[in-house]
Amino acid sequence: TVAKREALTGRARGPSMDIADEFIPEATFATCLNNMPQPCVDLVVEYDGDILLTRRQNEPAKGEWFWPGSRLYKGERLDDAAVRVAREELGLDPVAVERLGVSEHFWEASAIEGVDTRHTIPTVYRVVPEGDQSIALDSQHDDYRVVTEPPEDANRYVVEYFERFDI
């Protein structure tokens, strides 16, 4: 509901629409990815005084240390997506959510059959969890680490965010 979104993000919103978060058939999703960029949110999570990275289990960036993130659903507000991703991918309830900026990623891999490359447009958020919370990774990630600078084996977009957003 609108009231719930306002409570999560701390600000009133204008008109909204229903959120379309249902499964998209792979062939339909492939057509979309082959013809247009995908809007996403990426999270720079401040955890235990440092920055949290997760290791991805799917393409693009499979096996690499990267930012938690996900696609934006139709009808979903960006700020709400940042809160959703923190909860779904990490099991965290954020107390602070700050939009840092927008990036663009070009990938030479995809987990979707028939899609060889991807172009994503993530809106990047700084997220601070409320209190002392434990990480509960979803199935897209197999590990996490907390860092003060980009590790040598981090994805290039991790390095970019550290530099660009002065992390």
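Helices (H or I, at least four residues) and strands (E, at least two) are taken here as DSSP runs, numbered from the N terminus. The model is a predicted one, in which local features need pLDDT of at least 70 and side-chain atom pairs count only at pLDDT 80 or more, while totals for chains, interfaces and linings use all residues. Residues are numbered from 1 along each chain as its sequence is written, and side-chain values use heavy atoms, with hydrogens and water left out.

P60 belongs to the loop between β2 (50–56) and β3 (65–66), and the peptide bond joining E59 and P60 is cis, with omega about -5 degrees. In the loop between β1 and β2 lies D48, a residue other than glycine with a positive phi, near 55 degrees. D48 counts as exposed because its relative accessibility is 60%, exposed meaning over 50% relative accessible area (1.4 Å probe, protein chains only). D166, in the segment after α4 (156–164), likewise has a positive phi, near 50 degrees, and is not glycine; at 69% relative accessibility D166 counts as exposed.

A pocket is an open set of points on a 1 Å grid over the protein atoms alone, where a 1.4 Å probe fits, with protein on both sides within 12 Å along at least five of seven lines; lining residues have an atom within 4 Å of a point. The lining of the largest pocket comprises 33 residues, and Q38, S70, R71, R118 and Q140 lie nearest its centre. Elements giving two or more residues to this lining include α2 (26–35), β1 (38–47) and β7 (118–129), and α3 provides the largest share, four residues.

Terms used:
Buried means under 20% relative accessible area, exposed over 50%, partly exposed in between (1.4 Å probe, protein chains only).
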